[in-house]
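Please examine the sequence and the structure shown below.

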Amino acid sequence: MRLVLASASPRRRELLRGLDLVFSVSPADIDETPMSGEAPVHYVERLAQQKAQALAAEGTTVVAADTVVVFEGDILGKPKDRAHAAEILSRLANRTHEVATGVAVIATPPGGGRREISSVETTRVAFGEITPRRLDSFLDGGEHADKAGSYALLGASSIFADHVEGSVSNVVGLPLPLLDRLCSQIDIDLLSFKGDRAQP
């Protein structure tokens, strides 16, 4: 069995590499438009499922994920530009928001017996004050450009996060404890994909 990550996210790649896993990367091309009235947790789980389904193939275990920042019920996606990023971060300052990640795993052993599972992890993140000077300095670095909610917990914007309640890897983009549990529930040992133990 081969492990496939259905994501172009460098942060998700880094998390899996941190476990010394051997995997290939194959981003899934799907329509990510939210459905009318769709709750954020349902949205991220649906997208993760669709990404995994798009790449499921015999002899693979596909891992897919989708992450959103949720504030007062609204999904805060990637910023359109610097001004939009400033607006988003100003909304998050001195407040608590949620980060929700949908994770889907589809294992298709040779000869059949496809197994699939999905779930959602939610983490609460409390931001402190973001002064205009600190905000400008952060935006000058350009880190906000491709990040949901305009920030990355392990980047320069980590200085804004006063408190994290829940999975830290979830905020980065892939909740590893949840991924491990999901794999276990469909009889896949995530660590069997480690470099020195990779399955043929």
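Which residue forms a salt bridge with Glu98? In this predicted model, the partner of Glu98 is Arg124, and their closest N and O atoms are 3.9 Å apart. Glu98 belongs to strand E5 (residues 96–108) and Arg124 to strand E6 (residues 115–127), so that the pair links distant parts of the chain, 26 residues apart. Glu98 is partly exposed at 31% relative accessibility, and Arg124 is also partly exposed, at 38%.

Side chains of opposite charge can pair when their charged atoms come close. Eleven salt bridges are found in the whole structure. One of them joins Asp140 and Arg82, with 3.0 Å between the closest N and O atoms. Because Asp140 lies in helix H4 (residues 132–140) and Arg82 in helix H3 (residues 82–92), this pair ties together parts that are 58 residues apart in sequence. Asp140 is exposed, with a relative accessible area of 58%, whereas Arg82 counts as partly exposed at 36%.

Lys51 also forms a salt bridge, with Glu32. Lys51 is buried, its relative accessible area being 8%, while Glu32 is partly exposed at 36%.

These pairs sit within a protein chain of six helices and seven strands. Buried residues account for 48% of its 200 residues. A compact globule with 200 residues would have a radius of gyration near 16 Å, and the value of 17 Å for the protein chain agrees with this. Among contacts between residues at least 6 apart in sequence, 68% join residues at least 24 apart.

Key: Residues numbered from 1 in each chain as written. Predicted model: local features only at pLDDT ≥ 70, side-chain atom pairs only at ≥ 80, totals over all residues. Heavy atoms only, no water. Helix = DSSP H or I, 4+ residues; strand = E, 2+ residues; numbered from the N terminus. Rg over C-alpha atoms; globule rule 2.2 N^0.38 Å. Buried < 20%, exposed > 50% of the residue type's maximum accessible area, 1.4 Å probe, protein only. Contact = heavy atoms within 4.5 Å. Salt bridge = Lys/Arg side-chain N within 4 Å of Asp/Glu carboxyl O.
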